[in-house]
Amino acid sequence: MPRLTVPAPLLNAADFPATLAGRTRRLYDRVAPFYSISTRLFHSRAHQKLLEVCGIADGMRVLEVATGSGEMFLRLVKSNPNGMNLGLDLSPNMAARTQRLARRQSPHSYVCCQAVDARQMPFRDSTFDLVVCCYLLELLAAEDIARTVEEFHRILRLHGRLALIVIGENTEIFNRLYRVAGALAPAFWGRQVEHQVVDFIEAADFTVLHHQPVKQGLYPSRVLVARK
Ligand SMILES: C[S@@+](CC[C@H](N)C(=O)[O-])C[C@H]1O[C@@H](n2cnc3c(N)ncnc32)[C@H](O)[C@@H]1O
């Protein structure tokens, strides 16, 4: 039986009863052609910071989970032109777009993106040196965060690294706006999980090596790197 450990505080604070995967997939499929605008405006600084601290080196086996429109994936492929670069996203349109852009940018690199649900990934144990995942955990229910982080642990090799970005919670005005957005469209926005994310990672036997806040305008993020 798989080991599933949900940190106690989140069990009680389950204001997001179930992962709304069907709706999430449809919404992100629709916004795929223009989602890169939002990523450039709000996520690019944290992406750059994560790239600097995640320990990527050419020749690695790298997986990005929830690529969205592919901006972080393109950075990863550029840093790992002779390695293996796999990407996945629940939304087929996001995965297809990322695949197209990466093939165009790096035609000689090993790149492959597919539509896959992060909660159950079709990879053998200990496949990857580095797993990267940006702004996904907000969209998952507590037990699915635990399941997904367990999956990260399973597919990483011993001492492999997990590099994560979550939305920050250190700006009160932003938090209020986020709560409103999350109540209006929970499948798209989810809810903030910054305060629980370290508990989830440590519950899955990762050791946190690095975490730091990054701000882009009013938009706060937290960058984390952990080792299996
Ligand atoms: C907020 S966007 C972030 C996109 C990108 N990582 C970035 O940094 O800009 C969340 C992405 O997670 C994907 N997603 C949501 N649930 C997922 C799941 N269960 N498995 C894989 N991807 C998922 C969505 O389709 C969407 O592309």
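User: Why are α4 and α5 called roughly parallel to each other?

Analyst: In this predicted model, helix α4 (residues 44-53) and helix α5 (residues 71-79) pack at an angle of about 25 degrees. Angles under 35 degrees count as roughly parallel, and α4 and α5 are therefore given that label. Their axes are 10 Å apart, and α4 passes α5 in a right-handed crossing.

User: Which residues make the contact of α4 with α5?

Analyst: From α4 come Ser44, His47, Gln48, Leu50 and Leu51, and from α5 come Glu71, Met72, Arg75, Leu76 and Ser79. Contact here means heavy atoms within 4.5 Å. By class, the residues are four nonpolar, four polar and two charged.

User: What makes α2 oblique to α6?

Analyst: The axes of helix α2 (residues 21-31) and helix α6 (residues 92-105) cross at roughly 40 degrees and come within 7 Å. Roughly parallel requires an angle under 35 degrees, and roughly perpendicular one of 65 to 115. The crossing of roughly 40 degrees therefore makes α2 oblique to α6.

User: Which residues of α2 and α6 make that contact?

Analyst: α2 contributes Arg25, Tyr28, Asp29 and Val31, while α6 contributes Pro92, Asn93 and Met94. The classes are four nonpolar, one polar and two charged residues.

User: How do α5 and α6 cross, left-handed or right-handed?

Analyst: The crossing of α5 past α6 is right-handed. Their axes come within 10 Å at roughly 30 degrees. On the α5 side the contact is made by Glu71, Phe73, Leu74, Val77 and Lys78, and on the α6 side by Arg97, Thr98, Leu101, Ala102 and Gln105. Five of these residues are nonpolar, two polar and three charged. Glu71 of α5 also belongs to the contact with α4.

User: What is the volume of the largest pocket, and which residues are closest to its centre?

Analyst: The space in the largest pocket is about 800 Å³. The lining has 43 residues, and the closest to the centre are Tyr28, Tyr35, Tyr135, Leu139 and Phe188. A lining residue has an atom within 4 Å of a point of the pocket. Tyr28 also takes part in the contact of α2 with α6.

User: Which elements supply at least two residues each to the lining of the largest pocket, and how many of the lining residues are nonpolar?

Analyst: The elements are α2, α3 (35-42), α5, β2 (84-89), α8 (172-184) and α9 (186-189). By class, 26 lining residues are nonpolar, 10 are polar and seven are charged.

Methods
Residues numbered from 1 in each chain as written. Predicted model: local features only at pLDDT ≥ 70, side-chain atom pairs only at ≥ 80, totals over all residues. Heavy atoms only, no water. Axes fitted to C-alpha atoms, helices over the stretch in contact; angles between N-to-C directions. Helix = DSSP H or I, 4+ residues; strand = E, 2+ residues; numbered from the N terminus. Parallel < 35°, antiparallel > 145°, perpendicular 65-115°, else oblique. Left-handed = near helix turned anticlockwise from the far one by under 90°. Nonpolar A, V, L, I, M, F, W, Y, C, P; charged D, E, K, R; others polar. 1 Å grid on protein atoms, 1.4 Å probe; cavity = no way out; pocket = protein on both sides within 12 Å on 5 of 7 lines; lining within 4 Å. Points joined across faces, edges and corners; volume = space filled by probe spheres on them.
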